Amino acid sequence: GLINPVNAPVRPASIPINWHKENEATVITDPENTNNLLTIFLGMEKDAGESTWNDFEDDLFQQVVSRLFDARLQEQMLSAKSPVSYANINLKGSFLRGYKTATLFGLVKDDPAASLKMLIAEILKGQQFGFNIDELDRVKKDILREYEKDLSEKDKRESERYVSEYV
C-alpha cells in the first residue's frame with residue numbers, strides 16, 4: 001500500500017474557504033473547446049457528512065428534489081427550441097473536501113443568456129408552484145427501483161462502492 005513520506009505535513013480535515021460577500025460570475029473561454037458549459041453554484045456550506053437517520057432523510061429528500069427538477073429540465077430539452085442540449089441540478093454535490101454545494105449545470109447550444117434564463121426559470125417555477133403528485137410518484141418509484149436493483153446485485157457490487165458510502 002501507499003505510505004506517507006517521513007515528516008509529511010499534516011493535512012487539514014477540511015480546507016478553509018473565504019466566502020464571497022456578493023454574487024460573482026466568471027466567463028472562461030477556450031477556442032479549442034467544442035462545448036459551452038454553464039455551471040451555477042447555488043451556495044456552499046461545510047459538509048458535516050452523514051451519520052444519523054436525519055442526515056439520511058435529508059440526503060434522500062435532496063435526491064428526490066434534484067430528480068424532480070431534473071425531470072422538468074429533461075422535458076425542456078425535448079423541445080427543438082431548448083437553449084440547452086443537457087441540463088441537471090445536484091443539490092448535494094461535493095465541492096472540496098469538507099464542503100458541499102448545490103449546482104445547476106447546462107450544456108449550452110448557442111445562446112448562454114437564453115440558457116441561463118431557462119435554467120433559472122425552471123428553478124423559480126419549482127419554488128413557486130412545487131410539483132404534482134404524479135411527478136413525485138415517478139421519482140419515488142425510480143429511487144425504489146434503484147435500491148431494489150442494488151439489493152438484488154449486492155453480491156456483484158464492487159467493495160469500492162461500499163467503502164465510498166462509509167468514508
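Which side chains meet in a salt bridge at 2.9 Å, N to O, with Asp-142 as one partner? The first view answers this. The model is predicted: local features need pLDDT of at least 70, side-chain atom pairs count only at pLDDT 80 or more, and totals for chains, interfaces and linings use all residues. Residues are numbered from 1 along each chain as its sequence is written, and side-chain values use heavy atoms, with hydrogens and water left out.

**View 1. Salt bridge between Asp-142 and Arg-145.** The side chains of Asp-142 and Arg-145 come to 2.9 Å, N to O. A salt bridge is a side-chain nitrogen of Lys or Arg within 4 Å of a carboxyl oxygen of Asp or Glu. Both residues belong to helix α3, where 3 residues, about one turn, lie between their positions. Helices (H or I, at least four residues) and strands (E, at least two) are DSSP runs, numbered from the N terminus. Asp-142 is partly exposed at 32% relative accessible area, and Arg-145 is partly exposed at 48%. Buried means under 20% relative accessible area, exposed over 50%, and partly exposed in between (1.4 Å probe, protein chains only).

**View 2. Salt bridge between Arg-72 and Glu-135.** The closest N and O atoms of this pair are 2.8 Å apart. Arg-72 lies in helix α1 and Glu-135 in helix α3 (residues 133-152), so the bridge ties together parts that are 63 residues apart in sequence. Arg-72 is buried, with 16% relative accessible area, and Glu-135 is buried at 9%.

**View 3. Salt bridge between Glu-122 and Lys-125.** The N to O distance is 2.9 Å. Glu-122 is buried at 4% relative accessible area, whereas Lys-125 is partly exposed at 36%. The whole structure holds 4 salt bridges.

**View 4. Aromatic pair of Trp-53 and Phe-56.** A search of the whole structure finds 3 aromatic pairs. In this one the ring centres are 5.8 Å apart and the planes stand at 90°, so the pair is edge-to-face. Rings of Phe, Tyr and Trp (its six-membered ring) pair if their centres lie within 6.5 Å; planes under 30 degrees apart count as stacked, over 60 as edge-to-face and the rest as tilted. Trp-53 and Phe-56 are 3 residues apart in helix α1 (residues 53-78). Trp-53 is exposed, at 69% relative accessible area, while Phe-56 is partly exposed at 31%.
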